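Biologist: Please display the model, and let us then discuss its salt bridges.

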Amino acid sequence: MHVGSGRRSVLLAAALLGSLALSACSGGAGDSADAGKETRITVTPGGGKEVALGSPISVKADGGRLTDVQVKDDKGHEVPGRLADDGASWTSDGKVGPKTTYTVRSTAKGGRSGKGKESSATATFSTQEAPKVNKLDFVPGDGQTVGTGMPVSILFDHPVDKSKRAEIEKSLKVTTTPKVEGAWGWVKDWSGQDRVDWRPKDPWPAGTKVAVNGGLNGIDSGEGGWFARNYDFGFTIGADHKAVIDVPSHTLTMYENGKAVGSVKGSAGSPVDPTRGGIHTVRSKNAAETMDSSTIGHGNEWMLDSQWVTHLTASGTFLHSAPWNQSIGVENNSHGCFGMTTPDAKRVYDFLPVGSTVEVKNTASTKVTDVGNGLEVWQETWEQWQKRSALK
């Protein structure tokens, strides 16, 4: 639900001690005990041009039962909520969003049985503007088909206070078909921004449908930031394609549904810059790219044009063509990447979708790749990953 700027004026039928209390009666059939009874409907938050942020919308029927509640924002979006079992109150599922005007229309009938006179009320109120709005970016994109190692990754453009993370995590829902076990974990992205990822316990089954709902509108993210909309997106898990690099044998082997379907030769990192080990996730791909040594701390040593570049870590571990290398398949002499001939690089590029995994085995590298250095959620065991959740 996108949250608009809202009207600044507020039309109120009546106000009572910070809440809206309204009633208008019309004749209603009822039993002998409730026939003459009516109810008073109270809406909270109450009147005011700038209602405080951080609270849900509630409607109460004093002396009766609610029969209908409809809440819309100034963009015409309906606000969902739940009616209490006794029918005496209704509460929105989420909180009021910043700089938004809400209109609440409700009806009720008097008496405990709800068979008394009918009352109706319409209330309108507007909320404060947030000091700053915390927006987010997410991967995979809506409707995308990705590999079996792909996490849900949400990047925030403003810091998220640690004390606010549990509420945010509770508001993020992942639904899968078939059902898949997984968990959220808080990560510091390579960029320095806060991030929260959801990874399955084990790699996804091929064909899984994933839906993500972020009911964040109106939630305080700390440090003056608020969320001003909800987020909904979904994606599909594609074929089970993986790769394994064995560094000493200079070989990358491709696997489909657990079975080897081909291999290529290449050159991994030299003893000085060995290729990082562990299970990496393909984070992005680029058909043509210039390899710039300054981006990985090697100054102006090289500037080389490459094709069919498959990105693993954010710090620069790639699979790519290396036409300048005369020792492919014979010597590991790169600066941490896995270089191949141009045709083999394209073959690997085409085989591995974004979200697939590449495991590097038997490397001399002792560096532990941080989870935020790309989509590196598989660098940790399931037990380690679960400790990243804010829900203790």
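Biologist: Which residues are linked with Lys-188 in a network of salt bridges?

Modeller: This is a predicted model, in which local features need pLDDT of at least 70, side-chain atom pairs count only at pLDDT 80 or more, and totals for chains, interfaces and linings use all residues. Residues are numbered from 1 along each chain as its sequence is written, and side-chain values use heavy atoms, with hydrogens and water left out. A salt bridge places a side-chain nitrogen of Lys or Arg within 4 Å of a carboxyl oxygen of Asp or Glu. The network that includes Lys-188 also holds Arg-165 and Asp-194.

Biologist: How many residues apart in sequence are the parts that Arg-165 and Asp-194 tie together?

Modeller: Arg-165 and Asp-194 form a salt bridge with closest N and O atoms 3.4 Å apart. Helices (H or I, at least four residues) and strands (E, at least two) are DSSP runs numbered from the N terminus. Since Arg-165 belongs to helix H1 and Asp-194 to strand E16 (residues 194-200), the pair ties together parts whose separation in sequence is 29 residues.

Biologist: Is Asp-194 buried or exposed?

Modeller: Buried means under 20% relative accessible area, exposed over 50%, and partly exposed in between (1.4 Å probe, protein chains only). With a relative accessible area of 5%, Asp-194 is buried.

Biologist: What is the closest N and O distance between Lys-95 and Glu-167?

Modeller: Lys-95 is partly exposed at a relative accessible area of 26%, and Glu-167 is partly exposed at 29%. In their salt bridge, the distance between the closest N and O atoms is 2.5 Å.
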